[in-house]
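The report below is meant to be read beside the sequence and the coordinates.

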Amino acid sequence: MEKENRERAGERPRENGEETESGRKGIRLPEAVGEIVRRLEEAGYEAYAVGGCVRDSLLGRAPSDWDITTSARPEEVKRLFKRTVDTGLAHGTVTVLWQGSGYEVTTYRVDGEYEDGRHPKEVAFTGELREDLGRRDFTVNAMAYNEKKGLVDIFGGQKDLEEGVIRCVGEADERFGEDALRIMRAVRFSAQLGFSIEKKTGEAIRRHAACLEKVSAERIQVELTKLVTSPHPDYLRIAWETGITRVILPEFDRLMELPQNNPHHCYCVGEHTLHAMKASPADKCLRLALLYHDFGKAECHTRDEKGIDHFYGHAKAGSEMARRVLKRLRYDNDTTDRVCALVYWHDYRIEPDIRAVRRAVSRVGPELFPLLLQVKRADLEAQSDYRRQEKLDWLMRLERLAGQIREQGDCLTLKDLAVDGRDLMAAGQKPGPGLGRTLQALLQMVLDDPSRNTKEYLLANLPKET
Ligand code: ATP
Ligand code: MG
């Protein structure tokens, strides 16, 4: 019987899979999801795949995870499956472990006010799928699917998917009033999917944007990161137009009003920032570095007697501002350090000469340097045509030289140096901070000429102790 079921389940998806490949949409439940839904149904309950996985399947994209919604109460779900985790019992969520993966199974519910994005303060379970779909944020996120009933689309999600529209389920003002994070989610989904925001939903966002003040920095950080690492990071412009950045990132609003009357530029600082993010690969540190790379320009703006704008020192100032903002938004230390270093170095003028590049790689760090070149490329692509080819040629030479240095395996850091502190002491140097200075001097010698990186050469050419 089980095998038969599986074969039957296998047949239908294959047809759907073909549809997807030919550009038409179909939903193919992974085997585990099909089995979980079937087991719940056999026990007399309703169960559906729901939310993001249905949306992504209909778009022909691979869902990141599969959520299940069911009429069964959490304790009943726990009874039906051998291995479960109590993920959020009070909110009706049990994770079912199935062949090494976890699937969140959540009881149909209606929500009260939200307190942390995933979890409303109070929930009431319901036996109605319609009510559960009605508490969801956007029509494209409010569809359910199972193999027996097919697609359940009560709020016009499929039509909005086809038209590329983010629209609240029900009254937009009410929905944003219940949970202000939905304001950020609307813009984030529009950037991820390349969708526009429906008029009434957009108007309600403007009216409620100020409420984002009450939302925790952690939750805002998650949505902001998803927005800037999406295929449309420049949709941050929508967040600006609707008054969202004024609350969560007021520094950015200043950039949108900061002109750059300078031949190298054709946009104001804010628009330049949006174009630079768009020109870069969707890496988190890279996109965040581009978001913050010119933040310092607001502090360092001067205009000369010819009316040309200059921003001396903006990279260092920007890196300090980025640190404050990233801290405020509760980014982890590693991300913060990497992003701030990229902002700090983004305007580093490196000579296209192998020694200069080797020194630059050593200063910036061999791991971060390739990212820095990508920051520079995106920055350049968002500038005017003035001396563009010259700048691109220069960047290409830096890229080539960095590649050559990597291939040669040149010594770039103290840990690659052929001597260490112990060697220096064995050669008669006194312990203490002088050792570090000597090692730094030796590293500079080796950066000039990697063939010097042997114990014999270095010990024979020790600089005078400082
Ligand atoms: P992603 O691909 O980013 O995971 P998703 O649609 O799965 O997208 P989740 O945050 O994982 O988004 O939420 C799962 C589903 O729960 C959503 O599709 C939506 O139906 C519902 N949901 C999540 N957060 C909210 C919210 N703040 N308000 C209303 N419904 C929400
Ligand atoms: Mg999800």
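## Basis and overall make-up

This is a predicted model, in which local features need pLDDT of at least 70 and side-chain atom pairs count only at pLDDT 80 or more, while totals for chains, interfaces and linings use all residues. Residues are numbered from 1 along each chain as its sequence is written, chains are lettered from A and ligands numbered from 1 in the order in which they are written, and side-chain values use heavy atoms, with hydrogens and water left out.

The protein holds 23 helices and 13 strands, where helices (H or I, at least four residues) and strands (E, at least two) are DSSP runs numbered from the N terminus. Its C-alpha trace spans about 85 × 60 × 45 Å along the principal axes. Of the 466 residues, 51% are buried; buried means under 20% relative accessible area, exposed means over 50%, and partly exposed lies in between, with a 1.4 Å probe and protein chains only. Among contacts (heavy atoms within 4.5 Å) between residues at least 6 apart in sequence, 62% join residues at least 24 apart.

## Strand pairing

Strands E1 (residues 47–50) and E2 (residues 67–70) run antiparallel and are joined by 4 bridges; two strands count as paired if DSSP finds at least two bridges between them. Within this pair, Tyr 48 has Thr 69 of E2 as its bridge partner. E2 also pairs with strand E5 (residues 101–107), in the parallel sense and over 4 bridges, and there Asp 67 stands opposite Glu 104 of E5.

Strands E3 (residues 84–88) and E4 (residues 93–98) pair in the antiparallel sense over 3 bridges, with Thr 84 opposite Val 96 of E4. The two form a hairpin with 4 residues between them, and Gly 92 in the turn has a positive phi of about 90°.

## Nonpolar cores

A nonpolar core is here a set of buried Ala, Val, Leu, Ile, Met, Phe, Trp, Tyr and Cys residues joined through side-chain atoms within 4.5 Å. The largest such core has 121 residues, and Ile 244, Tyr 292 and Phe 369 are those with the most contacts inside it. Helix H8 (residues 181–193) supplies the largest share of this core, 8 residues. Apart from this core lies another, of 7 residues, among them Tyr 48, Val 50, Tyr 108 and Val 152.

When residues up to four places away in sequence are not counted, Ile 244 touches Ile 183, Met 184, Val 187, Ile 205, Ala 209, Leu 212 and Ala 239.

## Helices and loops

Helix H16 (residues 314–328) has 15 residues and reaches 20 Å from its first C-alpha to its last, close to the 21 Å expected at 1.5 Å a residue, the expected span being 1.5 Å times one less than the number of residues. Its buried residues include His 314, Ala 317, Met 321 and Val 325, and the buried residues of H16 pack against helix H13 (250–256), helix H15 (284–292) and helix H17 (333–345). In the loop between H16 and H17 is Arg 330, whose phi is near 60°, a positive value in a residue other than glycine; Arg 330 counts as partly exposed because its relative accessibility is 48%.

Arg 387, in the loop between helix H19 (369–381) and helix H20 (388–408), likewise has a positive phi, near 50°, and counts as partly exposed because its relative accessibility is 43%. Is Asp 160, by its relative accessibility, buried or exposed? Asp 160, which has its place in helix H6 (residues 157–163), counts as buried because its relative accessibility is 2%. Leaving aside neighbours within four places in sequence, Asp 160 is in contact with Thr 139, Val 140, Val 165, Arg 167 and Phe 195.

Polar contacts with the ligand are pairs of N or O atoms within 3.5 Å. A polar side-chain atom of Asp 179 lies 2.8 Å from a nitrogen atom of ligand 1, and an N or O atom in the side chain of Arg 188 is 2.8 Å from an oxygen atom of the ligand. For Gly 52, a polar backbone atom is 3.3 Å from an oxygen atom of ligand 1.

How values were computed
Polar contact = N/O pair within 3.5 Å; in protein donor to acceptor, adjacent residues only side chain to side chain.
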